[in-house]
Amino acid sequence: MQITALTNTDPDFYPTLGPYLANRTVHKAVGDSIWDDDGKTWLVSCTHTGTIAGFCGVITRGKKTLLESLYVTDKSDETTAPALVSAAAEQFGNDRHLEAIVRHTLVPAHIAAGFAVTQELTNFTRLVRPATITQEGRNA
């Protein structure tokens, strides 16, 4: 599995993720619409054959950094979601807390990457992963 980072300014972004952005099946699985916001970094997982196995987006809005739009395709395996969440935590969770709201089935992938449950909702779970270190270099 290979994970690639893209933004909506990358030439490969729309050819890669475009088919998923307005897809009702994807929206239903994620639980909301998927937006190609400026400033959002997308982590895209591909199988060894180059087929998309899943993706997620990370964006900072105000004081919050959100891991959102986590989607795994029917071409994925049980390692796809944990790999994407771990990659997001490694790339973005060093000096900032990460927050996520996901379907209950995706909670284990987040727990494995250091997230903790903060609220159980009817169909979703809210989680947070504390920053690994603060900008001053102290433990969070």
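The model is a predicted one, in which local features need pLDDT of at least 70 and side-chain atom pairs count only at pLDDT 80 or more, while totals for chains, interfaces and linings use all residues. Residues are numbered from 1 along each chain as its sequence is written, and side-chain values use heavy atoms, with hydrogens and water left out.

Four helices and seven strands make up the secondary structure (DSSP runs, H or I of at least four residues for helices and E of at least two for strands, numbered from the N terminus). Read from the N terminus, their order is β-α-α-β-β-β-α-β-α-β-β. The radius of gyration comes out at 14 Å, which agrees with the value near 14 Å for a compact globule of 140 residues; it is taken over C-alpha atoms, and the globule rule is 2.2 Å times the number of residues to the power 0.38. The C-alpha trace spans about 40 × 35 × 30 Å along its principal axes.

Of the 140 residues, 39% are buried (buried is under 20% relative accessible area, exposed over 50% and partly exposed in between, with a 1.4 Å probe and protein chains only). As for contacts (heavy atoms within 4.5 Å), 50% of those between residues at least 6 apart in sequence join residues at least 24 apart.

Strand β2, residues 41-46, is largely enclosed by the rest of the structure, because six of its six residues are buried. In a regular strand, side chains alternate between the two faces of the sheet. Here T41, L43 and S45 point one way, W42, V44 and C46 point the other way, and all are buried.

β2 has a partner in β1 (residues 2-6), with five bridges joining the two strands in an antiparallel arrangement (strands pair if DSSP finds at least two bridges between them). Within this pairing, A5 has L43 as its bridge partner. β2 also pairs with β3 (residues 52-61), again antiparallel, over six bridges, and there L43 stands opposite C56.

I133 is partly exposed, since its relative accessible area is 29%. The C-alpha atom of I133 lies 5.6 Å from that of N94, although the two residues are 39 apart along the chain.
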